[in-house]
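Hi,

Here is the structure I said I would pass on to you. Have a look at it first, and then read my notes below.

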Amino acid sequence: MPEKFDVIVVGAGPAGTSCAYTCAKNGLNVLLIERGEYPGAKNVMGGVLYRQQMEELIPDFWKEAPLERPVIEQRFWMMDKESVLSFGYKGLEWGVEPYNNFTVLRAQFDQWFAKKAVEAGALLITETVVTECIVEDGKVVGVRTDRPDGEVFADVVVLADGVNSLLSKQLGFHKEFRPDEVALTVMEVVNLPKDKINDRFNLEDNQGCTIEIFGDSTKGNLGTAFLYTNKESLNIGVGTTLSSMIKAKMKPYELLDYLKNHPMVKPFIAGGESAEYLAHLIPEGGYRSVPKVAGNGVIVVGDAAQLVNAIHREGSNMAMHSGLLAAETVIEAHRLGNFSQSMLNNYREALYNSFIIKDLEKYKDAAHTFEKYPQYFKEYVPMMNQAASKFFTVDGTPKRDKQKQIIKNMTSQRGTLRVLQDLYRAWKAVK
Amino acid sequence: MSTKNIEEKQYLLRFKCDTKSHLTVLDHDVCMTQCPDKICTVFCPAEVYKWEGTRMQVGYEGCHECGSCRIGCPYQNIKWEYPKGGHGIVFRLA
């Protein structure tokens with residue numbers, strides 16, 4: 001093992017592995033450090049992997065990667081206690097190449113992806129915690145690990161150490177996160193025979209369905225639940241901002257059991273066998289929580305840089321793309337022999353010009369708005385369910401009168417002016 | 001069977017336990033005198049924290065390493081590190 005590498009990447013998740021893979025492929029000497037027993041051992045995801053950003057790295061990856069099902073249907077539920085108002089889209093074009101997205105089980109996927117980086121020439125070391133960056137003269141020059149004689153040096157260190165990113169906090173790139181900047185999410189993998197999944201979700205063997213559930217799935221708190229189909233299992237999970245969890249004094253696993261026993265959800269998982277239970281934080285602070293992402297000899301990517309679009313459940317794709325952008329800057333820096341902050345800020349510029357920061361910027365007020373004004377999840381979801389029930393129940397009332405009653409119900413519950421304010425505020429937050 | 005409580009959920013998991021805790025309550029008096037809610041005992045997804053009348057018991061062996069307790073403790077009273085390399089929780093699936 002050489003004493004010094006061109007680049008050290010901390011963390012073998014989607015962001016770190018993308019960066020390590022791309023750097024190695026371009027001839028750089030790469031060390032990829034993972035604290036888990038294997039890549040994926042510490043990583044958790046609801047389960048949707050988007051094709052586009054993965055394909056940029058490995059063309060036709062779906063022919064060899066361990067994927068579960070291509071998603072051909074996405075449903076969205078506004079759920080009340082005993083009802084659901086749903087909409088969705090199902091399209092067979094998503095079931096054929098090049099696909100839109102896939103469900104995946106991360107422990108398998110991350111191992112496969114890290115193997116690709118190793119095949120490209122990266123050196124992977126597992127079971128190793130990076131305890132701190134080694135800083136000399138204001139420049140990161142390497143990392144200290146929990147191994148004996150565990151100092152390793154490099155021209156540049158890429159921090160892909162996940163949502164908690166203790167390393168970028170140590171460098172002063174961000175302060176400790178607030179409880180409203182992270183979502184605490186718990187999930188279970190529930191085994192179920194393939195035929196049952198196909199029947200219950202109206203699918204064929206190589207077709208998948210995702211359901212995002214708002215409203216009573218979080219007991220009206222800011223967050224969502226999800227139900228995704230794997231080949232022979234379902235991923236079911238629920239999360240809210242940590243601040244909402246604290247405010248409502250909820251136990252996350254009890255919320256998960258509430259969801260599993262909800263009459264709208266229960267039939268989907270009936271007879272299933274729980275195989276794993278997982279908890280993880282999701283960085284959901286958005287645009288305003290993105291830390292400093294480049295310094296002298298150091299770059300921050302993926303969850304560590306808070307790159308998650310919670311509204312569209314996009315995270316791993318942003319992680320991968322940020323890893324790729326970081327690699328492009330590192331390769332250029334290597335060519336020029338310049339690893340200063342001003343050079344590495346090319347990565348920052350690329351990131352801010354990409355869909356990643358543009359999308360985070362679009363929704364910069366969304367989380368804050370929905371946290372501050374809980375009526376959207378707590379009041380409007382039940383109101384919309386009541387409206388649908390009223391409108392579609394045939395009881396001899398003329399439809400025009402029903403419409404009037406529905407609007408009257410809404411405005412009498414919240415007041416005309418407040419309804420208009422709510423609508424305007426919501427539109428502003430997501431426009 | 002689908003799990004019905006946290007004990008059954010935790011039972012599904014594989015842990016490679018270290019002998020030393022990676023979680024440290026800095027001052028048990030803060031929990032006792034300043035924190036009536038002891039909210040970490042509520043939101044921790046693995047029920048790691050249990051209040052025992054005068055001190056906080058920390059069952060680090062079942063920790064998912066999510067970081068919620070570090071961020072959610074109202075008194076920043078929890079020192080949070082990663083377990084030694086290769087130790088702690090080992091997710092096998094998702």
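What follows is a short tour of what I found, going from the whole chain down to a single residue.

First, keep in mind that this is a predicted model.

**Chain A as a whole**

Chain A holds 15 helices and 17 strands. Its C-alpha trace spans about 80 × 50 × 35 Å along the principal axes. How does the radius of gyration of chain A sit with that of a compact globule? For 431 residues, such a globule would come out near 22 Å, and chain A has 23 Å, so the two agree. Of those 431 residues, 54% count as buried. Now take the contacts in chain A between residues at least 6 apart in sequence: 71% of them join residues at least 24 apart.

The chain is divided into three pieces. Domain 1 is made of 4–67, 104–175 and 288–353, domain 2 is 182–283, and domain 3 is 367–430. Between the centres of domain 1 and domain 3 of chain A, taken over C-alpha atoms, there are 44 Å.

Helix H3 of chain A runs over residues 106–119. From its first C-alpha to its last, this 14-residue helix reaches 19 Å, close to the 20 Å expected at 1.5 Å a residue. Which residues of H3(A) are buried? They are A:Arg106, A:Ala107, A:Phe109, A:Asp110, A:Phe113, A:Ala114, A:Lys116 and A:Ala117. When you look at that list, remember that an α-helix has 3.6 residues a turn, so residues three or four places apart point the same way. The cover over the buried residues of H3(A) includes helix H1 (14–25), strand E2 (30–33) and strand E7 (123–125) of chain A. After H3(A) comes A:Gly121, which has a positive phi, near 120°.

Now for the two chains together. Chain A puts 50 residues into the contact, and chain B puts in 31. On the side of chain A that touches chain B, at least two residues each come from H3, strand E11 (182–191), helix H6 (242–247), helix H7 (252–260) and strand E15 (273–283). E15(A) gives the most, with 9 residues. By type, the residues on this side of chain A split into 26 nonpolar, 10 polar and 14 charged.

**The C-terminal part**

An unreviewed UniProt entry annotates residues 367–430 of chain A as "domain: FixC-like C-terminal". How much of that span is helix, and how much is strand? It is 86% helix and 0% strand, and its end C-alpha atoms lie 10 Å apart.

Helix H13 of chain A covers residues 375–392. Its 18 residues reach 24 Å from first C-alpha to last, close to the expected 26 Å. Buried in H13(A) are A:Phe377, A:Tyr380, A:Val381, A:Pro382 and A:Asn385. Among the elements that cover them are strands E4 (71–79), E5 (84–90) and E12 (208–215) and helix H12 (366–372) of chain A.

Is A:Gly295 buried or exposed? It counts as buried because it has 23 C-beta neighbours inside 10 Å, and the cut-off is 20 or more. Leaving aside neighbours within four places in sequence, A:Gly295 is in contact with A:Val140, A:Leu171 and A:Gln341. A:Phe339 is 44 residues from A:Gly295 in sequence, yet the two are 8.9 Å apart in space, C-alpha to C-alpha.

Cheers

Key:
Residues numbered from 1 in each chain as written. Chains lettered and ligands numbered in written order. Predicted model: local features only at pLDDT ≥ 70, side-chain atom pairs only at ≥ 80, totals over all residues. Helix = DSSP H or I, 4+ residues; strand = E, 2+ residues; numbered from the N terminus. Rg over C-alpha atoms; globule rule 2.2 N^0.38 Å. Buried ≥ 20, exposed ≤ 12 C-beta atoms within 10 Å, placed from the backbone. Contact = placed C-beta atoms within 7 Å. Expected span 1.5 Å × (residues − 1). Nonpolar A, V, L, I, M, F, W, Y, C, P; charged D, E, K, R; others polar. UniProt positions renumbered as here; feature names shortened; annotations may be inferred. Domains from an automatic or database assignment.
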